[in-house]
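Open the model in your viewer and keep the selection tool at hand. The tour moves from stop to stop.

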Amino acid sequence: MGYLLLFSDIAVVVLQNALQNALGIRVLKTGADVYRFNAYTYVVCVAAFAALAIGRPISLYSLVLGSVFGLLTVLAGVCKIKALAAGPMHMTVLITTSSMIIPSLAGVVWFGEPLRVEKLIATVALIVFLFFSLDWGKGSGRSTNGPWLWACVVAFFSMGGIGVLQKIHQSSSHKNELFGFLACSFLLSFVYAWIASRRGAVTIRPERRVIVPVLLSGLFSFTMNYWGLKLSGMLPSQIYFPLLNGSAIVLSSLCAVVIFKERISRRQIIGLVGGVVSLVVLCL
């Protein structure tokens, strides 16, 4: 059951990456647009999780942890879209989803998960192959400048922090409060994003080209966070995070080439093939 959810989660992550890339290029023109779009998306998530949380008690522990989770969610979502808008999709996804190393190591250091040497070697090999594929935008036609790199770095640590918080909550005695935890998280994410969006010029309006992506993005975010929180408590960190993010990197890179026509070099092909082999070892 756990692995069926995992493969479904991977598919949703890839769809979300493709949607965010298209929005960053074609729809969201300013930083305030990015914050406002994310605020709309969080409303969908709040409504869904709040409906599921009705009648279920929630502790102060989940409220406080959810507040931090919400802040990291905003940082990760906004910075990832900004990076996708500024640079090539395959490189942005590569860097941001390599944040899997943070919760993977946390599972061993903080949660006492056994250190399986073959899984550790496969994880390191996956990261090495993926970073080997970096050509820093040569031939991609997309800029890899300072703002793009900073957006990637902030998204990297924010996404890594989200993974750690998922593990912390689902390893606690409050793990059954996940609906209330996520409702609180996305409510605060909405507040953070809405306030930030008011500091700049917002050009998007509630129209079809915005409403449909908002609903899709909200559905994807709901699914990713619900399944992700459940899976972080069901599977070892050394398997779950590398397999989820590594698969998303490979499939999103293929999406970038096929759908968004980004050119990919021989070095990047070698890196992706090596990444696939590493993923196979992680699945054994």
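Here is what to select, stop by stop.

This is a predicted model: local features need pLDDT of at least 70, side-chain atom pairs count only at pLDDT 80 or more, and totals for chains, interfaces and linings use all residues. Numbering starts from 1 along each chain as its sequence is written, and side-chain values use heavy atoms, with hydrogens and water left out.

**Stop 1: the main core**

Select Leu 28, Phe 37, Phe 49, Leu 182, Phe 186 and Ile 204. They have the most contacts inside the largest nonpolar core, which has 38 residues. A nonpolar core is a set of buried Ala, Val, Leu, Ile, Met, Phe, Trp, Tyr and Cys residues joined through side-chain atoms within 4.5 Å. Buried means under 20% relative accessible area (1.4 Å probe, protein chains only). H1, H2, H3, H7, H8 (178-197) and H9 each supply at least two residues of this core. H2 gives the most, with nine residues. Helices are DSSP runs (H or I, at least four residues), numbered from the N terminus.

Now centre on Phe 186. Beyond its neighbours within four places in sequence, Phe 186 is in contact (heavy atoms within 4.5 Å) with Tyr 42, Cys 45, Val 46, Phe 49, Thr 73 and Asn 225.

**Stop 2: the cysteines**

How many disulfides are there? The count is zero, taking a disulfide as a pair of cysteine sulfur atoms within 2.5 Å. For Cys 45, the nearest cysteine sulfur is that of Cys 184, 14 Å away. Cys 152 has its closest cysteine sulfur in Cys 79, but at 9.3 Å that is too far for a bond. Cys 45 is buried, at 0% relative accessible area. Cys 152 is buried too, at 0% relative accessibility.

**Stop 3: helix H4**

Select residues 89-97. Nine of the nine residues of H4 are buried, so the helix is largely enclosed by the rest of the structure.

**Stop 4: the cavities**

The structure holds four cavities of 30 Å³ or more. On a 1 Å grid over the protein atoms alone, a cavity is a set of points where a 1.4 Å probe fits but cannot get out; lining residues have an atom within 4 Å of a point. The largest cavity contains about 610 Å³ of space. Select Ala 76, Met 159, Ile 162, Met 224 and Asn 225: of the 33 lining residues, these are the closest to its centre. Helices giving two or more residues to the lining include H1 (2-26), H2 (31-53) and H3 (60-86).

How values were computed: Buried means under 20% relative accessible area, exposed over 50%, partly exposed in between (1.4 Å probe, protein chains only). On a 1 Å grid over the protein atoms alone, a cavity is a set of points where a 1.4 Å probe fits but cannot get out, and a pocket is an open set with protein on both sides within 12 Å along at least five of seven lines; lining residues have an atom within 4 Å of a point. Grid points are joined across faces, edges and corners, and a volume is the space filled by probe spheres set on the points.
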